[in-house]
Amino acid sequence: MAGRDDIDFGTAKIPRLFRNIFLPTLLGMASWSFIPILSGFKFDMTRGVIGFFPIIESESFTSFWSCGGAWGTVEISSKAIILSVIEGTLSLNAFEFDSRDGAVSVECDGKSIDFKRTEHGIVFADKHNIAKELHVIMK
């Protein structure tokens with residue numbers, strides 16, 4: 001594939017520009033969009049809320065996530081949800097998920113924290129900065 005320096009922008013070789021630059025970028029962005037769609041990912045930085053509502057029904061689900069100044073993975077099973085931060089810090093007031101079973105305990109970076117159950121997940125008593133892991137134990 002020709003590099004960007006191989007394309008003469010002074011000539012109107014639009015098909016070559018489209019084939020070598022635009023099309024690969026568009027296809028990459030389109031395929032990347034399936035990750036948040038499949039994981040049901042939602043994030044609202046202004047409210048400090050992150051959530052996952054996977055559309056794939058399975059006994060366990062694992063996905064990559066990224067937002068603001070942090071990224072990591074989420075593992076969802078019937079017994080626990082583990083939100084791991086690989087890089088950065090995630091500042092949260094609430095964590096939303098399919099809460100049919102209800103959370104019984106929550107740990108942030110290994111320390112037990114106070115929370116309240118809601119229709120859509122949990123709300124923390126105080127804002128928490130997650131540097132490593134948020135662990136939600138289900139009923």
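Ring pairs join Phe-41, Phe-52, Phe-95 and Phe-97 into a cluster. The model is a predicted one, and a search of the whole structure returns five aromatic pairs.

Let me begin with Phe-41 and Phe-52. Their ring centres are 5.4 Å apart and their planes stand at 50 degrees, so this pair is tilted; an edge-to-face assignment would require an angle over 60. Where do the two residues of this pair lie? Phe-41 sits in the loop between helix 2 (34–39) and strand 1 (42–44), whereas Phe-52 belongs to strand 2 (residues 49–52), so the contact ties together parts separated by 11 residues in sequence.

Phe-52, by contrast, is at 1% and counts as buried.

Phe-52 also pairs with Phe-95. Here the ring centres are 6.3 Å apart and the planes are at 65 degrees, which means that the pair is edge-to-face. This pair links distant parts of the chain, with Phe-52 in strand 2 and Phe-95 in strand 6 (residues 90–97), 43 residues apart. Is Phe-95 buried or exposed? Its relative accessibility is 1%, so Phe-95 counts as buried.

To close, Phe-52 takes part in both a tilted pair with Phe-41 and an edge-to-face pair with Phe-95. Thank you.

Technical notes: Residues are numbered from 1 along each chain as its sequence is written. This is a predicted model: local features need pLDDT of at least 70, side-chain atom pairs count only at pLDDT 80 or more; totals for chains, interfaces and linings use all residues. Side-chain values use heavy atoms; hydrogens and water are left out. Rings of Phe, Tyr and Trp (its six-membered ring) pair if their centres lie within 6.5 Å; planes under 30 degrees apart count as stacked, over 60 as edge-to-face and the rest as tilted. Helices (H or I, at least four residues) and strands (E, at least two) are DSSP runs, numbered from the N terminus. Buried means under 20% relative accessible area, exposed over 50%, partly exposed in between (1.4 Å probe, protein chains only).
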